[in-house]
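Subject: Structure handover

Hello,

Here is the structure for you to look over. My notes follow below it.

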Amino acid sequence: MIKRKYLKLLKKYWYKPLAVSCAIIILQLGPVFIPYLKNSPTYSHILMIITIIILTWIVIQFTKTIGDIIINKGFKHSRNNLDAQRINTQMGILVNITTIVLAIIGISLVLMTFSQIRKIGISILASAGIAGIILGMAAQKILGKILAGIQIAFTQPIKIGDNIVVAGELGTVEKINLTYATMTTPDRRQFVIPINYFIENIFQNWTINSSDSLGVIYIEVDYIAPIQMIREALNNILENNDLWDKKFKKLQVVETKSQTIVLRILASTSDPSNAQSLQCDIREQLIEFLQKNYPECLPQVRLKLTTSGATFNFDHPRINV
């Protein structure tokens, strides 16, 4: 029995090509029923062109099918998510390159079926040098992006699924094509970035060497906050959260301000897509812990009024004077 995933691939890539192929077979039988078509060069020429197009289409779909199978097996059998991301990125770009090459070959074969084009081929070659220079100058940026896409496929400064920071925006790489990449931010905004940006500019990649991702949370509390008790509460929160991979956790005081201190909480997760959810869980549950057990440790405004012979101190989040 055919597995469901192969049925999906068949429906995704082969439904239309096979349907058109059946139509071509019927057209090939046309001269059997219509003798006039048997000696028609125009009919034969049209059938030849359509056949070349269909064969090119079938080879392209076959390439895409193989790419999908390799990607799926990579995610299934890879030891960690980083290997799967590398396979996904490389196969995606290689399939795009192969598709373009096959399409160019198919178009060339179609053009070669016209005798007029073959006859003027020599004169075209004579001016090919000048035309090539003009086209090269016109397509310089496009070719630069394509070469950058090929370079990224092998050097991989970014991969599908990486957490990156571009122009101050944190997001996850969703797609990498030959000419552009798409990045989705935690608030679901979509960024379309030219592929050569990652070759020519500096950017941050938080998951370049490992698929593990580190969630970072900042919380401001009052100076009287019991750091050790907050640290124990963090331990309890992480132990009961399935998104934490139990590899790394830390709570530190990283800054002191005039009214508050800043706590930085670090927690690791094995999947970059879960980092944002883990951060939100930690932030929400720590705030609930402080509200319930140490409400006086939340950021406060202190006001000291001094008059002749008397001093009034107000120390409360809400001051009513």
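Is E169 buried, partly exposed or exposed? E169 is partly exposed, with a relative accessible area of 23%. Buried means under 20% relative accessible area, exposed means over 50%, and partly exposed lies in between (1.4 Å probe, protein chains only).

Two points on how to read the rest. This is a predicted model, in which local features need pLDDT of at least 70 and side-chain atom pairs count only at pLDDT 80 or more, while totals for chains, interfaces and linings use all residues. Residues are numbered from 1 along each chain as its sequence is written, and side-chain values use heavy atoms, with hydrogens and water left out.

Salt bridges

A search of the whole structure gives three salt bridges. The criterion is a side-chain nitrogen of Lys or Arg within 4 Å of a carboxyl oxygen of Asp or Glu. Side chains of opposite charge can pair when their charged atoms come close.

- R189 pairs with E169, with the closest N and O atoms 2.8 Å apart. This pair links distant parts of the chain: R189 sits in the loop between β3 (180-184) and β4, E169 in strand β2, and they are 20 residues apart. R189 is partly exposed at 37% relative accessibility.
- K257 pairs with E220 at 2.8 Å, N to O. Distant parts of the chain are linked here too: K257 lies in the loop between β7 (249-256) and β8, E220 in strand β6, 37 residues apart. K257 is partly exposed at 34%. E220 is partly exposed at 36%.
- E239 pairs with K246 at 3.7 Å, N to O. E239 is partly exposed at 44% relative accessibility. K246 counts as exposed, at 53%.

Sheet

Helices (H or I, at least four residues) and strands (E, at least two) are DSSP runs, numbered from the N terminus. Two strands pair if DSSP finds at least two bridges between them. Five strands form an open sheet in the order β4-β3-β2-β1-β5, with antiparallel pairing. The edge strands are β4 (190-194) and β5 (204-205), each of which pairs on one side only. Strands β1 (residues 163-166) and β2 (residues 169-176) run antiparallel and are joined by four bridges. N163 has T172 in β2 as its bridge partner.

Cavities

How many cavities of 30 Å³ or more does the structure hold? There are two. A cavity is a set of points on a 1 Å grid over the protein atoms alone where a 1.4 Å probe fits but cannot get out; lining residues have an atom within 4 Å of a point. Grid points are joined across faces, edges and corners, and a volume is the space filled by probe spheres set on the points.

The second largest cavity has a volume of about 30 Å³. Its lining consists of I219, V221, I230, L263, I265, L286 and L290. The elements giving two or more residues to that lining are β6 (213-221), β8 (261-269) and α11 (275-293). The lining residues divide into seven nonpolar, no polar and no charged. Here Ala, Val, Leu, Ile, Met, Phe, Trp, Tyr, Cys and Pro count as nonpolar, Asp, Glu, Lys and Arg as charged, and the others, Gly among them, as polar.

Cysteines

The disulfide count is zero, a disulfide being a pair of cysteine sulfur atoms within 2.5 Å. C280 is partly exposed, with a relative accessible area of 34%. C297 is buried, at 1%.

Best wishes

Terms used. 1 Å grid on protein atoms, 1.4 Å probe; cavity = no way out; pocket = protein on both sides within 12 Å on 5 of 7 lines; lining within 4 Å.
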